[in-house]
Amino acid sequence: MDQGIITAIRIVPLEHYIVLSFLLFSIGVAGVVFRRNTIIILMCLELMFNSVNLLLTAFSAYHSDPRAQVFVFFIMLVAAAEVTVGLAILVMMKRNVDSVDVNQLNRLKG
Amino acid sequence: MNSDLLAILVPVLPLVGAIILAAMRRKLSATIAGSLATALIASSFVASIVLFLGFDASTGGRTVQILDWINVGGMNIPLALRIDALSLTMMLIVTGIGSLIHLYSIGYMHDDERAPTFFAQLNLFSFAMLMLVMGSNFLITFIGWEGVGLCSYLLIGFWYTKPDYNYAARKAFVMNRIGDVGMVLGMVLLFQRFGTLEYASIMDMATGGMDDPLMIAATLFLFIGATGKSAQLPLFTWLPDAMAGPTPVSALIHAATMVTAGIFLIVRSSVLFELAPFTKDIILWTGTATALIAASVGLFQNDIKKVLAYSTVSQLGYMFVALGMGAYSAAMFHVTTHAFFKALLFLGAGSVIHALGGEQDIRKMGGLKGSIKITFITFFVGTIAISGLPLMSGFFSKDLIMAYGFQRSPVLFGLLLFGALLTTFYMFRLLFLVFYGTYRGKAHPHESPLTMTVPLMILAVLSVIGGLLDLPHLFGGHEPMKHFLETAAEAIRYENLELSASTEWVLMGLTTVLVFATIAFAFGRFAKRTTLEGAEADMPFFKRLIAQRWRLDELYAALFERPYGWLSTHLFSTVERRLMVPVMNGVGEAALAMGAVVRKLQTGNTSFHLLAMLFGMIIFLLITLLSN
């Protein structure tokens, strides 16, 4: 990695990255659990992915180990694939129950 | 041709036939299937003859190894064939008689729609029987042993739509299994003792002392196996019922070949039996008892095939008597001549049944000698051969066994002579009732086709001249069969007959005179008979007991079947109903009840599930963190 970028990342202390990632992840979790709009839930999922990506990049820079950043690309790729599936489900959901409220999907119960 | 390859071809040809016929059984006609089966078994016969002609008796025999079969630890059992005097003799009988009976079956089964299946099973049987006699170790023999049992079961129950026939097939199978267990145990004991199952190695090693308990146990177990397959007391009751199968099956399996498997097994392991005189005594007396009991039952049977079946059991008894005296070659000689005349008699009976459109009751026959001449003449030849009229094949073989019996003890000779006279009596009763007097049935008898009569004629000739195979010195012969069999490696200890010529002449004369007297007696009683004695209920007690087959079937039913049935019923009503059913149902109901509680968690609310998942993950995370 370019030494300049590493230096730029290292301007901010590691603890700040950790706290920011933690906050982003928590917001994502809270959104997934408490919101009913499926689009928001999908967006919150993305938020969690990206908080993890941020943390990985930060650790990678501080440890001077590029492997974590390779991993970030994988996560992005998988997230993209996951979004297509999620959006497809969303479209089907809109067609079938004419709503994007997850609580409409409650027929699968014991 | 390479003779090893030839030896392998002998059993493989019928196997190929069985596979082809089984695969194409719906496409082939009865005649084509029959011709193919006959051609294959006849090729086996030709191969056997070539092997026989090329066989050098002075070498004692050789082993043809096909492949290493089981080779684990100290256990080495190859898939190999043994070619020696004994296996060659049996191969010639199995393939020779087998070819004739296959040929006969073409005519007999021509209008049966499952005829190709029949021929497939007949070919499979020939394969199994050849494996049995050619195997170079006990295990290969055992494969054939089980194979012939299976084919016997299939063929007895060939007409499976009749429940009686199925019952007869199951009975034969179960009775044979009892014997098979004996054979397995015998094999295990031998393996434990010698560490191998190869005949040649065991016979070389078995030189130990007499009356070794292990040897007695092993030979007794082998003998139990032999009683099952060869229908001796107490396991003979399946054979008369086995007559449910088509008549060629009775001739091939239940008279000429399979039932001699027990005798073959004992001759094969004769060295072991020589080390266990106790077992030999048991064989001797079992054989005598079987010969007499079966012959007595034969006196009162009214089914043409049942008479022949009991006669088979009785003749097998004679063979066991010979084995019990160590006269192994005499037993094999009787096996051979018996194969000729008993196959002839069964096929003749089949021809009679065929002529009368399926009638088997001799009370509804009579006076047939004019209408089915070839069958009559050949059946007549068979009858005088089994009765032991002078110079017939049965005369030489049975007299040989009886002479050995006299050498052992005059009492035994008396018993055997009595049995022989019973044989003569019931065979001539059968002959007179079927062919003499006036016709008592309603069908229109017609002679059978050539495919059926030609085997009859060939077998009739063999029944007459079969005695030449082992012509005794008394008649200017040199007992060629005995000398041939003695070249087999196992056969070094055959008993010799050491009676003076005059004694033998007296015994033969006595037998002959009594046989002729019996024939005259039977002629007087049955030749002009128009009606037969009435129901069994009118007979005096002892006669009724014999007519009801000594009530052996009833005895076994009371001893085994009914207690077993009682046990099963009671286990069902107590253990099954009161214990198993509640326990099994309880397990299922408990699972359902727990499910009813837990299922309430499945609300179907996505947010709730996600929340639950989150808490679950947090809990696992905490556990992981705290446990370190």
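## Val352 of chain B

In this predicted model, B:Val352 lies in helix H15 (residues 328-355) of chain B; helices (H or I, at least four residues) and strands (E, at least two) are DSSP runs numbered from the N terminus. B:Val352 counts as buried because it has 25 C-beta neighbours inside 10 Å. A residue is buried if 20 or more other C-beta atoms lie within 10 Å of its own, exposed if 12 or fewer, and partly exposed in between, with C-beta atoms placed from the backbone.

Leaving out residues up to four places away in sequence, B:Val352 touches B:Ile304, B:Met365, B:Leu368, B:Ile372, B:Thr375 and B:Val434. Two residues are in contact if their C-beta atoms, placed from the backbone, lie within 7 Å. The C-alpha atoms of B:Val352 and B:Met215 are separated by 48 Å, and the two residues are 137 residues apart along the chain.

## Numbering and confidence

Residues are numbered from 1 along each chain as its sequence is written, chains are lettered from A, and ligands are numbered from 1, in the order in which they are written. Local features need pLDDT of at least 70 and side-chain atom pairs count only at pLDDT 80 or more, while totals for chains, interfaces and linings use all residues.

## A helix pair in chain B

Helix H5 (residues 138-156) and helix H6 (residues 163-194) of chain B pack with their axes 8 Å apart, at an angle of about 170 degrees. Axes are lines fitted to C-alpha atoms, for helices over the stretch in contact, and angles run from 0 to 180 degrees between N-to-C directions. H5(B) is therefore roughly antiparallel to H6(B), a label for angles over 145 degrees; under 35 counts as roughly parallel, 65 to 115 as roughly perpendicular and the rest as oblique.

By class, this contact has 13 nonpolar, three polar and two charged residues. Ala, Val, Leu, Ile, Met, Phe, Trp, Tyr, Cys and Pro count as nonpolar, Asp, Glu, Lys and Arg as charged, and the others, Gly among them, as polar.

## A hairpin in chain B

Strands E1 (residues 62-72) and E2 (residues 75-83) of chain B run antiparallel and are joined by nine bridges; two strands pair if DSSP finds at least two bridges between them. B:Thr63 has B:Arg82 as its bridge partner in E2(B). The two strands form a hairpin with two residues between them, and B:Gly73 in the turn has a positive phi of about 55 degrees.

## Chain A and its contact

Chain A has four helices and zero strands. Of its 110 residues, 15% count as buried. The contact between the chains takes 12 residues from chain A and 11 residues from chain B.
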